Amino acid sequence: MSRIGKLPIQIPSGVTVTQKDGIVTVKGPKGELSQAVNPDIKVNVNGDTLTVERPTDERTHRALHGLYRSLINNMVIGVSGGYKKELELVGVGYRASSTGQLLELSLGYTHNIYLELPKEINLETKSERNKNPLIILESADKQLIGQVCAKIRSFRKPEPYKGKGIKFVGEVIRRKSGKSAAK
């Protein structure tokens with residue numbers, strides 16, 4: 001059996017899980033998410049626990065078993081508690097500002113970068129004196145918030161020589177010595 005797939009999912013109070021026509025819908029205080037599930041995989045809701053079962057031990061069924069259990073678990077956590085990601089801009093003159101769902105980044109290029117974020121994501125920027133600017137993203141959808149973070153990070157990835165770029169708060173960048181240290 002799959003170690004991840006056979007684990008039951010605890011459904012917190014205030015969260016409802018429904019299944020209809022192969023689509024699992026999870027509703028909670030932070031929003032509503034839905035996921036299409038392969039017809040071979042069975043999702044059983046018993047009171048406040050949810051289990052995912054597979055029909056056979058074929059390779060594809062084993063792969064889908066753990067996948068759908070993880071996706072449903074991420075939806076339950078998202079609608080009950082939500083996900084939060086913090087990005088830090090490291091570099092002289094790097095700035096971030098937001099107006100509604102529009103994020104404006106100044107990252108040392110000749111132009112500013114404007115990014116329109118989906119309405120499912122809450123955006124907040126912080127700029128304090130003598131501290132690096134922060135971009136704080138909150139959402140119920142783990143996949144969407146991860147994809148948006150990857151897009152923002154792709155504008156200026158952290159580089160190993162000076163440590164400049166956009167990084168997650170708490171992320172450690174392995175530093176390299178330059179060519180002058182090789183002598």
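**Close-up 1. The largest nonpolar core of this predicted model contains 22 residues.** Within this core, the residues that touch the most other members are Leu89, Leu103, Leu105, Leu107, Ile135, Leu137 and Ile152. Two or more core residues are given by each of strand S7 (83-90), strand S9 (102-106), strand S10 (113-116), strand S12 (134-139) and helix H2 (142-154), and the largest share, 5 residues, comes from H2.

Close-up 2. When residues up to four places away in sequence are not counted, Ile152 touches Leu87, Leu103, Leu105, Leu115, Ile135, Leu137 and Ile166.

**Close-up 3. Helix H1 (59-80) and the strands against which its buried residues pack.** H1 has 22 residues and spans 33 Å from its first C-alpha to its last, which is close to the 32 Å expected at 1.5 Å a residue. Its buried residues are His61, Leu64, His65, Gly66, Tyr68, Arg69, Ile72, Asn73, Met75, Val76, Gly78 and Val79. The buried residues of H1 pack against strand S1 (9-10), strand S3 (23-28), strand S4 (31-36), strand S5 (42-46), strand S6 (49-53) and S7. Just after the helix, Gly82 takes a positive phi of about 85°.

**Close-up 4. The largest pocket, with a volume of about 240 Å³.** This pocket is lined by 14 residues, and those that lie nearest its centre are Lys30, Glu120, Glu138, Ser139 and Ala140. At least two lining residues are supplied by each of S4, S7 and S12, with the largest share of the lining, 3 residues, coming from S4. Sorted by class, the lining of the largest pocket comprises 3 nonpolar, 5 polar and 6 charged residues.

**Close-up 5. The second largest pocket, holding about 190 Å³ of space.** The lining of this pocket is formed by Leu33, Ser34, Gln35, Leu71, Asn74, Met75, Ala140, Asp141, Lys142 and Gln143, and the elements that give two or more residues to it are S4, H1 and H2. By class, these lining residues divide into 4 nonpolar, 4 polar and 2 charged. Met75, which is among the buried residues of H1, is one of the residues that line the second largest pocket. Ala140 lies among the residues nearest the centre of the largest pocket and also lines the second largest pocket.

Note on methods. Residues numbered from 1 in each chain as written. Predicted model: local features only at pLDDT ≥ 70, side-chain atom pairs only at ≥ 80, totals over all residues. Heavy atoms only, no water. Core = buried A, V, L, I, M, F, W, Y, C linked by side-chain atoms within 4.5 Å. Buried < 20%, exposed > 50% of the residue type's maximum accessible area, 1.4 Å probe, protein only. Helix = DSSP H or I, 4+ residues; strand = E, 2+ residues; numbered from the N terminus. Contact = heavy atoms within 4.5 Å. 1 Å grid on protein atoms, 1.4 Å probe; cavity = no way out; pocket = protein on both sides within 12 Å on 5 of 7 lines; lining within 4 Å. Points joined across faces, edges and corners; volume = space filled by probe spheres on them. Nonpolar A, V, L, I, M, F, W, Y, C, P; charged D, E, K, R; others polar. Expected span 1.5 Å × (residues − 1).
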